[in-house]
Amino acid sequence: FYGSLTRSLSLVLDEFYSNFANAVGVSAVTGDGMADFFSTVQKAATQDFGDYIADMKLRVEEQDAKQKAIARSQVRRMQRDMSESSK
């Protein structure tokens, strides 16, 4: 039973970790693989930062559009109030 369980868990973990595109093996004892680790982190940071900048630009544009809509609404309200007060 124990051997079968161990084998099943091993297969599950192997399948789980095979889905990581940027997985890098690093030895906690010798430190082997640290150069690959830092290289992979740098690549991921560059890619994620590019995605972050694109998302932030979109959010800034959305915020600007909201502020312009609010300003237009306030101008219309002020014009309406001024026309009503002049009557």
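A word on ground rules. This is a predicted model: local features need pLDDT of at least 70, side-chain atom pairs count only at pLDDT 80 or more, and totals for chains, interfaces and linings use all residues. Residues are numbered from 1 along each chain as its sequence is written, and side-chain values use heavy atoms, with hydrogens and water left out.

Now the fold. The protein chain has 2 helices and 0 strands. These are DSSP runs, numbered from the N terminus: helices are H or I of at least four residues, strands E of at least two. The radius of gyration is 29 Å, well over the 12 Å that the globule rule gives for 87 residues, so the chain is more spread out than a compact globule. That radius is taken over C-alpha atoms, and the rule is 2.2 Å times the number of residues to the power 0.38. Along the principal axes, the C-alpha atoms fill a box of roughly 90 × 35 × 20 Å.

How much of the chain is buried? Of the 87 residues, 1%. Buried means under 20% relative accessible area, exposed over 50%, partly exposed in between (1.4 Å probe, protein chains only).

Next, the loop. Phenylalanine 20 sits between helix H1 (2-18) and H2. Phenylalanine 20 is partly exposed, at 43% relative accessibility. Its C-alpha atom is 16 Å from that of glycine 33, 13 residues apart along the chain.

On to the rings. There are 2 aromatic pairs. The rings of phenylalanine 37 and phenylalanine 38 have centres 5.3 Å apart and planes at 70°, so this pair is edge-to-face. The rule: rings of Phe, Tyr and Trp (its six-membered ring) pair if their centres lie within 6.5 Å; planes under 30 degrees apart are stacked, over 60 edge-to-face, the rest tilted. Phenylalanine 37 is partly exposed at 34%. Phenylalanine 38 is exposed at 52%.

Last, charges. The whole structure holds 1 salt bridge, meaning a side-chain nitrogen of Lys or Arg within 4 Å of a carboxyl oxygen of Asp or Glu. Which residues form the salt bridge? Arginine 59 and aspartate 55, with their closest N and O atoms 2.9 Å apart. Both lie in helix H2 (residues 34-85), 4 residues apart, about one turn of the helix. Arginine 59 is exposed at 51%; aspartate 55 is partly exposed at 33%.
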